[in-house]
Amino acid sequence: MMMNEEFDDIEKQLWEQMGNLPTPNPSPNMKTRFHAMLDTYKAEVEDKKASSFSVFLMKLKQVFTYKTSNNWAYAIILIMMSGIIGYFAGKPNNQAVADQNDVKKLSSEVQEMKEMMMLSMLENPTATERLKAVSYTQELNKVDDKVIDALLTTLNSDPNENVRLVTLEALIQLGNNPRVREGLVQSLMKQESPLVQVALADAMVKLQEKRSVKQFKQLLQKENLNKAVKGKIEKTIQVLS
Amino acid sequence: MLKVKTGDLDKMGLLFERYHRALLAFFYHSTGQSAHSEDLVQTVFYRMLKYRHTFIENGEFRTWMYHLARNVLNDSIKKNHRMSYQSDMTSMSEQAFTEPSADKQLEKKQEHENLHAALAKLSSEHREVLVLSRFQDLSYNEIADILQTTEGNIKVKVHRAMKELKSIYLKEMI
C-alpha cells in the first residue's frame, strides 16, 4: 500500500509505526486444531454420502437375499404375519382404531407445536436461534404456506447473511412447491449480498427455474453489482436459456 | 479453492498454510486479543468448507476470504456483547522487546502501546480500513471489492481514519 501523499508528518509517522506493530505468532496447536476440524468435517461428509444411498441399498439387498439355510424361519414368519394381518383385517378392534386415532391426533398436535416453535424462534433477535429455527423445518413432516412465507421473509429481510444462506438451503429442499419457486425468483432482486446472490443463482440452476432469467437480466442492470456476481449471473442466464 | 469446491477437501490444508497468518493478523489488529483471534481464524476456515459452493470460479479468493472473515468478526462482536476491542498488547510488546534493551527500545515499546490504545478507540469502520490497508497489504481496489464500495471511497475512508487516529493518539500522549 502506497503512502497517501496527503498525510501530514504525524500521520506519516503513525503510518510507519503501524507497520512495526508486532503481530502474534500462531500458537503450536493452531495447526493441530485446524487439521482436527478438517478431518471431522471430511468424516461428516463421507458419513452423509454413505448413509444416504449405499447403506439403504445394502440393507435392502440384505433383506431380500434368499438364504436356503433359513427356509423354515422364513416360512414360519410368513405364516405368523399373514395370521396377524388376517386377524386384524377380519375383526376390526374398536379399541385399536381409537388408539390409532389418538396417535394421529397427538402427532398432528406435535407437528403444530413444532411449527409454532419454529415460527416464534424465527423472530428471535439472536442469529443462532434463528439458524436453529430454520433447521427445524427439516423436522416438519408437512410444510404449510405459513412456514414457507416465514422462510421467504427471513430470506429477504434477515440482517444476518448466514441465516439467509441457511434459509436458502432449506427452501431449496422444498423446491417442488410452486410457492417456494415463485418466492425464490422474486427474492433475486431483493438481495444485496454477493454470497446470497451467487447461492441463489446456483439454486435457480439446480431447480431449472427458467422464469428467473428475466429477473437475472434486471439484476445485471443494477449499479454497483459485484464483478464476480455479474460473471456468475451471465453464466447462469446462459445455462437456463 | 476451486479444487476444494469440487470436493478435494485436502487442498484446504494448503490454503490454511498460505493464509492463516494473514487472517490471524487481521483478527488480532481488529480485536486486540490473540487467543480469541485464533478461534476466529478457525471459524473462517470452517465456513470456507461449509460455504465452499458460494466461491465463484473466476472470483478473487482473497476477496471472498476477507468477506467471510468480516462476517465472522461481526458475528463475534454481536455474540459477545462486549467491547469489540480489548487489547492484550502489553504482553505482545514485552514479547517483542525481551532482547537486551536500551532506552530506545523502552521508548518504542511505549510508542507501540500508545498506538494500540489509539487503535482500540478508533471507530470500527475506520479501524477496519486501516487493518486491511496497513496490516494486510491490500490495495485500495481490493479493499473496495471486499467492502463493496468504490476505490475513491476507500481512499477517503483511509484519509479520515488517519485523521481520527492522529487526534486520538495525540490525546493519549497528553
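**Figure 1. Surroundings of helix H7 of chain A.** The buried residues of H7(A) are covered by elements that include helix H5 (127–136), helix H6 (145–157), helix H8 (178–187) and helix H9 (194–207) of chain A, together with H4 of chain B. The model shown here, as in every figure below, is predicted. H7(A) spans residues 161–173, and its 13 residues reach 19 Å from the first C-alpha to the last, close to the 18 Å expected at 1.5 Å a residue. Because 10 of these 13 residues are buried, H7(A) is largely enclosed by the rest of the structure. The buried positions are Glu161(A), Asn162(A), Val163(A), Arg164(A), Leu165(A), Val166(A), Thr167(A), Leu168(A), Ala170(A) and Leu171(A).

**Figure 2. Helix H9 of chain A and its covering elements.** H9(A) has 14 residues and extends 20 Å from its first C-alpha to its last, close to the 20 Å expected at 1.5 Å a residue. Of the 14 residues, 10 are buried, so H9(A) is largely enclosed by the rest of the structure. Those buried are Pro194(A), Leu195(A), Val196(A), Gln197(A), Val198(A), Ala199(A), Leu200(A), Ala201(A), Ala203(A) and Met204(A). Their cover includes H7, H8, helix H10 (212–220) and helix H11 (227–240) of chain A, along with H4 of chain B. Gln208(A) follows H9(A) and has a positive phi, near 50 degrees.

**Figure 3. Packing of H7 against H9 in chain A.** The axes of H7(A) and H9(A) come within 10 Å and cross at roughly 5 degrees. This angle makes H7(A) roughly parallel to H9(A). On the H7(A) side, Glu161(A), Arg164(A), Leu165(A), Leu168(A) and Ile172(A) take part, and they meet Leu195(A), Val196(A), Ala199(A), Leu200(A), Ala203(A) and Lys206(A) of H9(A). Sorted by class, the contact of H7(A) with H9(A) comprises eight nonpolar residues, three charged residues and no polar ones.

**Figure 4. Crossing of H2 and H3 in chain B.** Helix H2 (residues 12–31) and helix H3 (residues 34–50) of chain B have axes that come within 8 Å and cross at roughly 135 degrees. H2(B) and H3(B) are therefore oblique to each other. The crossing of H2(B) past H3(B) is right-handed. From H2(B), the contact draws on Met12(B), Phe16(B), His20(B), Leu23(B), Leu24(B), Phe27(B), Tyr28(B) and Thr31(B), while H3(B) contributes Ser34(B), His36(B), Ser37(B), Glu38(B), Leu40(B), Val41(B), Val44(B), Phe45(B), Met48(B) and Leu49(B). These residues comprise 12 nonpolar, five polar and one charged.

**Figure 5. The contact between chain B and chain A.** Chain B provides 43 residues to the contact and chain A provides 36 residues. On the side of chain B that touches chain A, at least two residues come from each of H2, H3, helix H4 (61–80), helix H5 (89–96), helix H6 (103–121), helix H7 (124–135) and helix H9 (151–173) of chain B. H2(B) gives the most to this side, with eight residues. By class, the side of chain B that touches chain A holds 18 nonpolar, 18 polar and seven charged residues.

**Figure 6. Two loop residues of chain B with positive phi.** Asp137(B) is placed in the loop between H7 and helix H8 (140–146) of chain B. The phi of Asp137(B) is near 55 degrees, a positive value in a residue other than glycine. Asp137(B) counts as exposed because it has 12 C-beta neighbours inside 10 Å. Gln148(B) belongs to the loop between H8 and H9 of chain B. Its phi is near 55 degrees, again positive in a residue other than glycine. With 14 other C-beta atoms within 10 Å, Gln148(B) is partly exposed.

Figure 7. Chain A contains 11 helices and zero strands. Buried residues form 22% of the 241 residues of chain A. Among contacts in chain A with a separation of 6 or more, 63% join residues 24 or more positions apart. Chain B contains nine helices and zero strands. In chain B, buried residues form 37% of the 174 residues. Residues 24 or more positions apart account for 68% of the chain B contacts with a separation of 6 or more.

How values were computed
Residues numbered from 1 in each chain as written. Chains lettered and ligands numbered in written order. Predicted model: local features only at pLDDT ≥ 70, side-chain atom pairs only at ≥ 80, totals over all residues. Axes fitted to C-alpha atoms, helices over the stretch in contact; angles between N-to-C directions. Helix = DSSP H or I, 4+ residues; strand = E, 2+ residues; numbered from the N terminus. Parallel < 35°, antiparallel > 145°, perpendicular 65-115°, else oblique. Left-handed = near helix turned anticlockwise from the far one by under 90°. Contact = placed C-beta atoms within 7 Å. Nonpolar A, V, L, I, M, F, W, Y, C, P; charged D, E, K, R; others polar. Expected span 1.5 Å × (residues − 1). Buried ≥ 20, exposed ≤ 12 C-beta atoms within 10 Å, placed from the backbone.
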